[in-house]
Structure formats: C-alpha cells, structure tokens
Amino acid sequence: MRKKLHIAVVGYGVAGQASCLLLGAAGHALTVFEQAPSPGPVGAGFLLQPTGLSVLTRLGLHEQALASGQRIERLYGCNLAGRAVMDMRYGDHAPGCFGLGMTRGALFSLLDSAWTGRDAIRSGTRIESLSDDGRHLIDGEGRQHGPFDLIVAADGAHSVLRRQPGVIRREALYPWGAMWCLLPAAAWPHLDTLHQRYAGTREMIGLLPVGRRDGSDERWLTFFYSLPGEQVDTFDDAALKRLRQRLGELWPEALPLLEGIHSASQLHRARYRDVVLHRTSWNNVVFIGDAAHAMSPQLGQGVNMALLDVQVLADALAAHDDLATALDAYRRQRRTHVGIYQRLSRFLTPLFQSDHDALAGLRDRFFGPVGRLPIARGQMLRILTGTKRTWW
Ligand SMILES: Cc1cc2nc3c(=O)[nH]c(=O)nc-3n(C[C@H](O)[C@H](O)[C@H](O)COP(=O)(O)OP(=O)(O)OC[C@H]3O[C@@H](n4cnc5c(N)ncnc54)[C@H](O)[C@@H]3O)c2cc1C
C-alpha cells in the first residue's frame, strides 16, 4: 500500500503491541488506546510456539526472547496413577524445534522497548463503541476520536469492538477457568518441560518454566490450577488453603513451590471465551488476536495466533493498494489455520477441564497409546507446535 494510513490500535496487549511494531515500521501513523492507566502485562507466563517465535524473528527480537525465556523441549502430562497421558518432544517434530516459556512481563517489555512511538499511547482510555461508519472511536467519557483510515481491534477476549451487526457467530464463556501465578523455580528439576498433572477432568495442574524476569538470574515457573468458573470468580483465602491441601495430595513434589503464596490476591484469575466471527473485518475495523478468535488456552496458541494475525495483516496491507482487498486477503490467509485451532480447542478442552468424568477414562486409556502411533504422533506434534494449517 503506497498510501500511508492513520491507524487506531485498540488494546496494547500482545496483538496491539506487535501491530505497533509492524504497522509502524511500514510507515503508517498510529494512535493507540489502552484502558489500563499504566499499560503492562496481565497474567503470569505462556508458551511461545515455533509459529510465534518466527514472528519475533521477523521483528528482530528472537535472540532477546531466548535470553529471557526458557527453552521447552517436552510436554509431559500424567494422571494420578503416574500413567503418561501426553508425552511429546518438540525435537520429534523437527530437529532443533523447541517452545519458549516466557513471563508476560518479559514479552511485554521486549515489544514495548522495541517500539519508538510510545508517545502515541492514550493510556487510561477505554473505548466503548464505534461510530456507525466504523471510522471513529467513542471512549467511556463519550469523547469521539478519529476519523481513522483503519481501526485495529486488539481489545482481547472480552472485546466490545466486535459487537457490531453481523460480526459475531459464536461467543460463549467456558464453564471452567483457572487460577495462575508466577513462582520461583528454586530447585525445580524439570526446567525444559511443561509438566501437567490430571486428576480426572475436574482438576488439572500445570507447571511451565518461563525463564527470567526483571533482568535477574532467578528462574521462574508459571503455576496453573484449573477450576470451575464460579470457583474462579469467588476464589479467596479459604479456597487457597484448599488448593494447597489438594496440591499436597495430588503432586507433593510441587507443594514447596507455593511457599511464598499466602493470599488469594497473589494469584490471577482467568476465564476464557470461545469466540468465532462471521467476518474478520467490519467497515474499516479489523479484528485480531483474542478479539477475533478467543479460545481456551488448552492448546497454548493464543499469543502465537495473535502474532501471526499481525504479521499477515501487515503483509496484506503492504501488498494491496485498496484497503478492502487487503482486509479480504487477511481474512482468507488466516481462516483455515484459525478455524482448525478453534475446533480443536473446543473439542479437546472438555477432556481436561469439565465435569464429564467418563472422558478422563477414555483420555487416560487412549491418548498415550495413540500418541505412539507414527501418523497420530505427527499430527499431535503439529497441533502442539501451532503448525497444523490443514486438516489432512
Ligand atoms: C491461563 C491462560 C494461559 C494461557 N497460556 C497461553 C500459552 O501458553 N500460549 C499462548 O500462546 N497463549 C496462551 N494464553 C492465551 C493468551 O494469553 C491470549 O491469547 C493473548 O494474550 C491474546 O492477546 P491479545 O493482545 O489479543 O489480547 P490481550 O492480551 O487480552 O490484550 C488486550 C488488551 O486490550 C486492552 N483492552 C481491552 N478492552 C479495551 C477497551 N475497550 N479499550 C481499550 N483497551 C482495551 C486490555 O487492557 C489489554 O491490554 C493463555 C491464556 C490464559 C488465560
């Protein structure tokens, strides 16, 4: 696109931050609206897949990400009887392949410090709606901003911007959620492995090594404990006591890690949505990241999907002079990949987080043996690494 656009980015999470870098580098003028008075990371840590890492490489941030993150070589999950349900090694997908555990703070700082246009962030500005022509934004105090040539809606899983006529096909709140936090890794011995422990389908605990934070040498883990949604919403100090007790019963080796956690306020709450859109753009608004396709984090793809969205959008805008054609190219290129992970997340999440107890028996009996069959194993590795782009 020869014309330089005036673009509004709503939301300064991963999708918004990456948009600033790639669209700013293409010479477009940006204004960013972020509801948080002081933009920063929300949550604990996450797993970057080779797909997301490739976008960081394009941004010139790969080495810095490796320096603060933790290489993950293996996903290992077992049930209470010690039976392996998941055991996948990135190296079996392709030689040298790995995932990267990172703290949210480390990725936030990496993307934030790489962008020189930070003066364009209007923090503490929550956007509530759009004008009818889709070119102006209206904030919580009724102020109108714009007009903009393009609005990038990167306002996350609970997006208000996608609530436009004919845009949402499905938006459901999952009945399950999770409590999660960062814990010092101390002497945790499995620093190259995402470990999960499953007690039926009602309890799932995860420990993901996520490397360093704040430039110090100390290593950290993301701790994850799944719960029914209403228990997440009401999680308090008594619930923390119960969680500690259950951890001692289900995974005693992990219990000492929780030593520094004394109050429920030290954990973050997460509720997830399952969102499918009829269309990825509306007038001059384009939806990216969780605003376009929020899903349960079971497959660990959301950050990676957000980074891929931005890369494809930036390339589509660079390749086409007409905005409508560029937005259509973005839609076509992301449709199949996103659709596959939306369906897989919806199908697989109840096997790990639900009250369908019978599913746990099926999962525990079949996942291990099926995962050892070469064809099925190849497919499972593709799903894990985020590289499954076609069904067959
Ligand atoms: C427990 C859990 C574990 C996860 N683990 C992984 C993992 O291992 N790997 C992975 O890839 N993904 C993971 N995810 C998913 C990942 O966190 C999301 O997919 C990703 O953060 C989406 O990025 P985003 O920029 O689209 O949205 P967000 O990160 O949610 O950012 C949205 C931004 O918009 C701002 N905002 C929202 N509304 C407005 C508004 N109206 N006006 C102005 N600003 C607004 C918010 O304050 C926020 O800054 C996990 C999610 C959860 C909950």
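**View 1. Strand 3 and strand 7 run antiparallel, joined by 4 bridges.** Strand 7 covers residues 99-103. Within strand 7, Leu-100 is the bridge partner of Leu-48. Helix 5 (residues 104-114) packs on this sheet, where it touches strand 3 and strand 7. The direction of helix 5 makes about 90 degrees with that of strand 7. Helices (H or I, at least four residues) and strands (E, at least two) are DSSP runs, numbered from the N terminus. Two strands pair if DSSP finds at least two bridges between them. The model is predicted, so local features need pLDDT of at least 70 and side-chain atom pairs count only at pLDDT 80 or more, while totals for chains, interfaces and linings use all residues. Residues are numbered from 1 along each chain as its sequence is written, and side-chain values use heavy atoms, with hydrogens and water left out.

**View 2. Three strands make an open sheet in the order 3-7-4.** The pairing is antiparallel. Strand 3 (45-48) and strand 4 (70-72) are at the edges. Each has a single partner strand, so one side of each is left without a neighbour in the sheet. Neighbouring strands are turned by 30 degrees against each other on average, direction ignored. Such angles run from 0 to 180 degrees between N-to-C directions, and axes are lines fitted to C-alpha atoms, for helices over the stretch in contact.

**View 3. A mixed open sheet has 6 strands in the order 8-2-1-12-19-18.** Its edges are strand 8 (121-123) and strand 18 (281-282). Each of these has a single partner strand, so one side of each is left without a neighbour in the sheet. Glu-34 stands opposite Ser-123 in strand 8. Helix 10 packs on the sheet and touches strand 12 (150-153), strand 18 and strand 19 (285-287). The direction of helix 10 makes about 10 degrees with that of strand 19.

**View 4. Strand 13 has antiparallel pairings with strand 17 and strand 16.** Strand 13 spans residues 168-184, and strand 17 spans residues 268-277. These two are joined by 9 bridges. Leu-173 has Arg-273 in strand 17 as its bridge partner. Strand 16 (residues 220-228) also pairs with strand 13 over 9 bridges. Here Pro-184 has Trp-220 as its bridge partner.

**View 5. Helix 11 carries a kink of about 30 degrees, centred on Arg-363.** The bend at a residue is the angle between axes fitted to the seven residues ending there and the seven starting there. Helix 11 (residues 357-371) has 15 residues. From first C-alpha to last, helix 11 reaches 21 Å, close to the 21 Å expected at 1.5 Å a residue. That expected span is 1.5 Å times one less than the number of residues.

**View 6. The buried residues of helix 11 are Ala-360, Arg-363, Asp-364, Phe-367, Gly-368 and Gly-371.** Buried means under 20% relative accessible area, exposed over 50%, partly exposed in between (1.4 Å probe, protein chains only). These residues pack against strand 5 (74-79), strand 6 (84-89), strand 14 (193-199), helix 10 (323-352) and helix 12 (374-385). Why does Asp-364 count as buried? Its relative accessibility is 12%. Leaving aside neighbours within four places in sequence, Asp-364 is in contact (heavy atoms within 4.5 Å) with Asn-79, Arg-83 and Val-85.

**View 7. Helix 10 and helix 11 pack at an angle of about 100 degrees.** Their axes are 8 Å apart. The two helices are therefore roughly perpendicular (65 to 115 degrees). Leu-348, Pro-350, Leu-351 and Phe-352 in helix 10 meet Leu-359, Arg-363 and Phe-367 in helix 11.

View 8. Most residues other than glycine have a negative phi, and most peptide bonds are trans. The peptide bond from Gly-146 to Pro-147 is cis, with omega near 5 degrees. Ala-186 has a positive phi, near 45 degrees. At 72% relative accessibility, Ala-186 counts as exposed. Asn-283 has a positive phi of about 50 degrees. With a relative accessible area of 40%, Asn-283 is partly exposed.

Key: Parallel < 35°, antiparallel > 145°, perpendicular 65-115°, else oblique.
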